[in-house]
Amino acid sequence: MAGFDDRRYFFDDGLRFECQRCGACCTGAPGLVWVDRAEAAAIAEFMNCTSVDAAEFFVPRGEGFAVRERADGRCWFYDQGCRIYPLRPMQCRIYPFWLVNLRCEKSWQEVARQCPGIGKGRCYSREEILERVALDRRLCQLADFTP
Ligand code: SF4
């Protein structure tokens with residue numbers, strides 16, 4: 001990632017975010033939530049499932065699994081709230097600081113229209129944001145997904 005850290009970004013002064021647990025990012029339009037094998041195993045155990053039953057939740061994808069979605073597009077684990085919140089995947093933990101949302105200020109403003117947590121809470125520093133973007137890039141590679 002040469003040059004990735006030494007550029008200027010619209011978020012150089014940081015961005016405020018605090019999840020309001022509204023569920024907007026867990027429902028609606030289809031998306032991809034990816035988990036690695038350890039995350040999948042921990043979630044399956046949390047849900048009291050055997051690895052066979054876990055196929056109900058996950059589809060093999062890249063180096064791990066994609067979380068299934070319901071017919072209406074919501075995450076398989078979302079039912080009036082996240083049913084696996086203590087073990088939510090890393091990809092969910094770093095939302096909304098995903099590369100696709102931080103490519104430019106316009107992308108961030110667009111995601112802010114859907115995510116009421118943006119603009120609230122503590123201010124994430126440029127370094128914290130870049131750490132999350134780098135992690136998102138790594139997760140996308142493992143998921144065989146081009147953002
Ligand atoms: S849309 Fe934003 S505020 Fe709502 S659950 Fe997702 S991250 Fe939290």
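**View A. D12 and R126 in a salt bridge.** D12 is partly exposed, because its relative accessibility of 23% is not under the 20% that defines buried. The model shown here and in the other views is predicted. The side chain of D12 meets that of R126 in a salt bridge, with 2.5 Å from N to O. This pair links distant parts of the chain, 114 residues apart. D12 sits in the segment before β1, and R126 belongs to helix α5. R126 counts as buried, at 13% relative accessibility. In total, the model has 4 salt bridges.

**View B. Helix α5 and its cover.** Helix α5 spans residues 126-142, which makes 17 residues. From first C-alpha to last, helix α5 reaches 24 Å, close to the 24 Å expected at 1.5 Å a residue. Its buried residues are R126, I129, L130, V133, D136, L139 and C140. Residues three or four places apart in an α-helix point the same way, because there are 3.6 residues a turn. Strands β1, β2 (34-35) and β5 are among the elements that cover the buried residues of α5. Helices α2 (90-93) and α3 (99-102) also take part in that cover. After α5 comes D144, with a positive phi near 60 degrees.

**View C. F17 and Y124, an aromatic pair across the chain.** The model holds 11 aromatic pairs. In one of them, the ring centres of F17 and Y124 lie 6.5 Å apart. Their planes stand at 50 degrees, so the pair is tilted. F17 lies in strand β1 (residues 15-17) and Y124 in strand β5 (residues 118-124). The two residues are 107 residues apart, and the pair links distant parts of the chain. Both F17 and Y124 are buried. F17 and Y124 also belong to one aromatic cluster with F97 and W108.

**View D. Y95 and W98, edge-to-face.** Y95 and W98 form an aromatic pair. Centre to centre, the distance is 4.8 Å. The planes make 80 degrees, so the pair exceeds the 60 degrees set for edge-to-face. Y95 counts as buried, at 14% relative accessibility. W98 counts as buried too, at 19%.

**View E. N101 in helix α3.** N101 has its place in helix α3. Its relative accessibility is 10%, so N101 counts as buried. A polar atom of the N101 side chain lies 3.1 Å from the backbone oxygen of P96. Beyond its neighbours within four places in sequence, N101 contacts Y95, P96, S107, W108 and V111.

**View F. Arginines over ring faces.** R21 lies over the face of Y85, 3.6 Å from the ring centre. R70 lies over the face of W76, at 3.7 Å from the ring centre.

View G. K106 and E110 form a salt bridge, and their closest N and O atoms are 3.5 Å apart. Both residues lie in helix α4 (residues 105-114). They are 4 residues apart, about one turn of the helix. K106 is exposed, at 56% relative accessibility. E110 is partly exposed, at 35%. The side chains of R74 and D72 also meet in a salt bridge, at 3.0 Å from N to O. R74 is partly exposed, with a relative accessible area of 23%. D72 is partly exposed as well, with 48%.

Definitions and conventions. Residues numbered from 1 in each chain as written. Predicted model: local features only at pLDDT ≥ 70, side-chain atom pairs only at ≥ 80, totals over all residues. Heavy atoms only, no water. Phe/Tyr/Trp six-rings, centres within 6.5 Å; stacked < 30°, edge-to-face > 60°. Buried < 20%, exposed > 50% of the residue type's maximum accessible area, 1.4 Å probe, protein only. Lys NZ or Arg CZ within 6 Å of the ring centre and 35° of its normal. Expected span 1.5 Å × (residues − 1). Contact = heavy atoms within 4.5 Å. Polar contact = N/O pair within 3.5 Å; in protein donor to acceptor, adjacent residues only side chain to side chain.
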